[in-house]
Amino acid sequence: MPEQHDSQMLQLHKEELQISKKWVNTADVKIYKNTYKEEKQITVPITREELVIEKKKANPQGSFDGEIETIRIPLSEERIEITKHPVTLEDVEIYKNQLEEIVHVNETVKEEKLHIHTNGDIMVHDQ
């Protein structure tokens, strides 16, 4: 009769690290510009042109007695015109930049190993 051996199969396991990466949002940035209003006061000299008529009264002796009548007629004047034009204060460049850095990651992994524990005077032959 052939010998029968009771056999039992054990599987030994070990953990291995699998590295993967994924993008996550770390910040939310909104970029905008505001317009502020400011009142400006500017002093501007203007020029007028007028026609001046001076009438001097003469007395019968032919001399002037000092009485002068003045008539002023406005002919033209400068008018202030205000025009606004945009002026560039500064150029702002906005862009994304990717930086790569090395990160060291520590993780504990498990590994199963076979141990043989015997009682008594048994000789184990390792092949």
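Quick background. This is a predicted model, where local features need pLDDT of at least 70, side-chain atom pairs count only at pLDDT 80 or more, and totals for chains, interfaces and linings use all residues. Residues are numbered from 1 along each chain as its sequence is written, and side-chain values use heavy atoms, with hydrogens and water left out.

Back to Leu51. You'll find Leu51 in strand S1, residues 48-58 (strands are DSSP runs of E, at least two residues, numbered from the N terminus). Leaving aside residues up to four places away in sequence, Leu51 touches Ile71, Arg72, Ile73 and Leu75; contact means heavy atoms within 4.5 Å. Now look over at Thr88: 37 residues along the chain from Leu51, with 46 Å between the two C-alpha atoms.

On to pockets. A pocket is an open set of points on a 1 Å grid over the protein atoms alone, where a 1.4 Å probe fits, with protein on both sides within 12 Å along at least five of seven lines; lining residues have an atom within 4 Å of a point.

So how much space lies in the largest pocket? About 1000 Å³, counted as the space filled by probe spheres set on the points. It has 24 lining residues, and Tyr36, His85, Pro86, Val87 and Leu89 are the closest to its centre.

The second largest pocket holds about 880 Å³. Its lining has 16 residues, with Trp23, Val24, Thr26, Gln98 and Leu99 nearest the centre.

Terms used: Helix = DSSP H or I, 4+ residues; strand = E, 2+ residues; numbered from the N terminus.
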